[in-house]
Amino acid sequence: METHSSGFIIGVDIGGTKVAAGLVAPSGEIRHQTRVPMASNDGPAAGLASVTQAIDQVLSKAKSEDGALRGIGICAPGPLDPNTGVILNPPNVPCWRNFPLKDEVAQKYKVPVRVGNDANAAALAEALWGAGRGFRNVFYVTFGTGIGTGLIFDGHIYHGRTGAAPEGGHVSVDFRGPTCGCGKPGCFEMFASGPAIARRAQEKLNASGAQDSVLQRLSNGHAVTTEMVANAYAQGDAIAIETLKETVSLVSLWMGSMIDLLEPDVIILGGGVAAMIKPFLGEIHDRLPACCMNQRCQEIPLVMACYGADAGIAGGAALAVEDFTPKLT
């Protein structure tokens, strides 16, 4: 995928408590960035003011050699309409209901503006500038508080008919499983997200009654966290090892299903919990033939994302350049 080589883009990452924005070069390098508080509960104008404050701070750092501002891309909480840039009813940003974020920002800055969700945008950034560069079809999964997925087909985001695709984290892996926040039973997110891993470790710890467990010492009577599980695993704790081995089995089975459905050219793993899964990528790769109908599943690389905590900024910038990136043929 090729992008224009002059000017710069601003990528914006909106969360429930903060807005991060960065000046991004055509190469995907984030040259300047800033963070400001997000006024999530103070009405639509205040929420918009948080966004423009972050953009203005980044613009003030632009230098003559950076060229002109060519566009703004925004990763915003969903649900949203990526075609119109309207924020529908995000639970984490209650100030916006059917809010035309794209039009409001475009009117102020007089440049093209794109709005999209974080997983799709991060997938596009990895395809343009990161671990997916050079691959035609990219499947991206982010492991964190939830599990999000993004699809790049022929160099562009696949949104589905209405813009709601893809929701790979909400594919059910157990119809008898716990009810997900989305209302479905047994979603993959309920087993392999950060909170799910912590919950399963807590259940195992409670059932074992082990007083000499590293995990027991780390939690010290408090709820087990994902970070505690990772720390305990590094110290050889049996419960943490069992929990992560179980997670590897779940991830392998789910990933095999994704390969059978999509057969992408590369699978990229991002998000804060992906670091816990990274040591097991070889094992997941070895398990794939037993989890796939596709006999060539092991030819698909499993790689870590390049953009870590800056995935939202890079993703926003990638959204901005998608409009003037030619479709692959």
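I began with strand S9 (residues 147-153) and found six of its seven residues buried, where buried means under 20% relative accessible area with a 1.4 Å probe and protein chains only. I took strands as DSSP runs of E of at least two residues and helices as runs of H or I of at least four, numbered from the N terminus.

A note on the source: this is a predicted model, with local features needing pLDDT of at least 70 and side-chain atom pairs pLDDT 80 or more, while totals for chains, interfaces and linings use all residues. Residues are numbered from 1 along each chain as its sequence is written, and side-chain values use heavy atoms, leaving out hydrogens and water.

Next I checked pairing, which needs at least two DSSP bridges between two strands. S8 (residues 138-143) runs antiparallel to S9 over six bridges, and a hairpin of three residues joins S8 to S9. Tyr-140 sits opposite Gly-150 in S9.

On to strand S10 (residues 156-157): two bridges tie S10 to S9, again antiparallel. I saw Ile-152 opposite Ile-157 in S10. Two residues lie between S9 and S10 in their hairpin, and Asp-154 in the turn has a positive phi of about 50°.

**The second largest pocket**

Which helix gives the most to the lining of the second largest pocket? I found that H5 does, with three residues. Helix H5 (194-208) and helix H7 (226-234) each supply at least two lining residues.

Conventions. Buried means under 20% relative accessible area, exposed over 50%, partly exposed in between (1.4 Å probe, protein chains only).
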